[in-house]
Amino acid sequence: MAIVDVVKYDGDMDTFAWKFPNNALSTKTQLIVNESQEAVLLKGGQACDIFGPGHYVLETANIPLVSKMMYIPFGGETPFSAEVWYVNKVYSPDIKWQTETPIQLLDAKFNIPISVTANGQFGIRIADSKKFLLRLVGTLKTLHKDNIKEFFRGLYMSRVKDLISKYCIKNNISILQLNSLITELSEQLHENMQGTFEKYGIELINFYIEDISVKDDLTMAVIKSALAKRAEMDIVGYGYAQERSFDVLEGAANNQAAGQSGMLGAGMGLAMGVGMGNTVGQQFGGLANGFGIGNPKVCSDCHRNNAADAVFCAYCGKPLSVAKIKCSKCEAEIDTGAKFCPQCGNKLGA
């Protein structure tokens, strides 16, 4: 193999490491290193001499480690074999990343499983050429942005999933709120992964999340519907239990065939059965007064008015006793509100 006279870089700016194709060098070989680059001589799998930007002749004086390993004498032209690797140290800000498959997370607020995907970009700079070559490049001849993205895919996939899940649980927030917290999450991920990149001689300048999206359209539709209903209730000023009681009242009021008395009795029983308490009791009591059905019954326990035909108090559930009066003629006991005595026909209140 002919000895190479000139060694120079022949890759693009998206390449982080590029190996010169010929390793037949000599102490007269010229080495050209561009700005923002370093050239590293490797021998026997060891990173030996490093050259910054400039124009060099590979003399024994500037390749001391290679010379020592190969016992290269001073003076004259001595051939030797070594790999020359170029490492681009310029800042690369736009390495795109995304989660390849949806991340299954349990929403801390809605307590339902949600599938999400995330994407963004990160920026790096090669800080330690020796460490980078020995720990990352391996048997490759070049290393591009895509190689970096693929190599660290497992890292950012697991860290993104872990951080998003823990952040939602710790702060009790929904996954749907995360896009408003992207800056904070990005900063935490950058700090979290920086140490791992440093082990490979890489400085992680930044790590950005650009978007977090929910993939399950059906789940999103259910959540959006629930949020819309809650917003409506917040605006009007009532809760879910009250919403259900209003539905019962509306259905009962529209059921003309059931009759007013039957409607109220059914409504009272339903209100007691589902345990809606005073709120629903007041709604039915108000409805009874609105219909003006008979004289109200006063509960002896809580002293509130109830419908005339109520058997139990709509407010406290106490059985309602029917007040009695005596006929002035035959002294028979008669319900309050009667106009004639059912025993003797005497007109009451005359």
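Trainee: What should I know about the model before I start reading values from it?

Mentor: This is a predicted model, in which local features need pLDDT of at least 70 and side-chain atom pairs count only at pLDDT 80 or more, while totals for chains, interfaces and linings use all residues. Residues are numbered from 1 along each chain as its sequence is written, and side-chain values use heavy atoms, with hydrogens and water left out.

Trainee: Why is S92 called buried?

Mentor: The word buried applies under 20% relative accessible area, exposed applies over 50%, and partly exposed covers what lies in between, with a 1.4 Å probe and protein chains only. S92 has a relative accessible area of 6%, and therefore it counts as buried. S92 belongs to strand 10, where a strand is a DSSP run of E with at least two residues, a helix is a run of H or I with at least four, and both are numbered from the N terminus. Contact means heavy atoms within 4.5 Å, and when neighbours within four places in sequence are left aside, S92 is in contact with F16, F122, G123, I124 and K145.

Trainee: What is the expected span of helix 4, and how far does the helix reach?

Mentor: The expected span of a helix is 1.5 Å times one less than its number of residues. Helix 4 (residues 153-171) has 19 residues and reaches 27 Å from its first C-alpha to its last, which is close to the 27 Å expected. Its buried residues are L155, Y156, M157, V160, L163, I164, Y167 and C168, and what covers them includes strand 10 (92-98), helix 5 (182-198) and strand 14 (202-214). After helix 4 comes N172, whose phi is positive, near 50°.

Trainee: What makes a group of residues a nonpolar core?

Mentor: A nonpolar core is a set of buried Ala, Val, Leu, Ile, Met, Phe, Trp, Tyr and Cys residues joined through side-chain atoms within 4.5 Å. The largest one here has 46 residues, and those with the most contacts inside it are F122, F132 and I148. Helix 4 gives the most to this core, with eight residues. Apart from it lies another core of 20 residues, among them Y9, W18, C48 and V66.

Trainee: How many aromatic pairs are there, and why is the pair of F122 and F207 called stacked?

Mentor: The structure holds 15 aromatic pairs. The rings of F122 and F207 lie 5.7 Å centre to centre with 15° between the planes. Rings of Phe, Tyr and Trp (its six-membered ring) pair if their centres lie within 6.5 Å, and planes under 30 degrees apart count as stacked, over 60 as edge-to-face and the rest as tilted, so this pair is stacked. F122 lies in strand 12 and F207 in strand 14, so the pair ties together parts that are 85 residues apart in sequence. Both F122 and F207 are buried.

Trainee: Why is the pair of F151 and F152 called edge-to-face?

Mentor: The centres of F151 and F152 are 5.1 Å apart and the angle between the planes is 80°, so the pair falls in the edge-to-face class. F151 is partly exposed, with a relative accessible area of 40%, whereas F152 is buried, with 3%.
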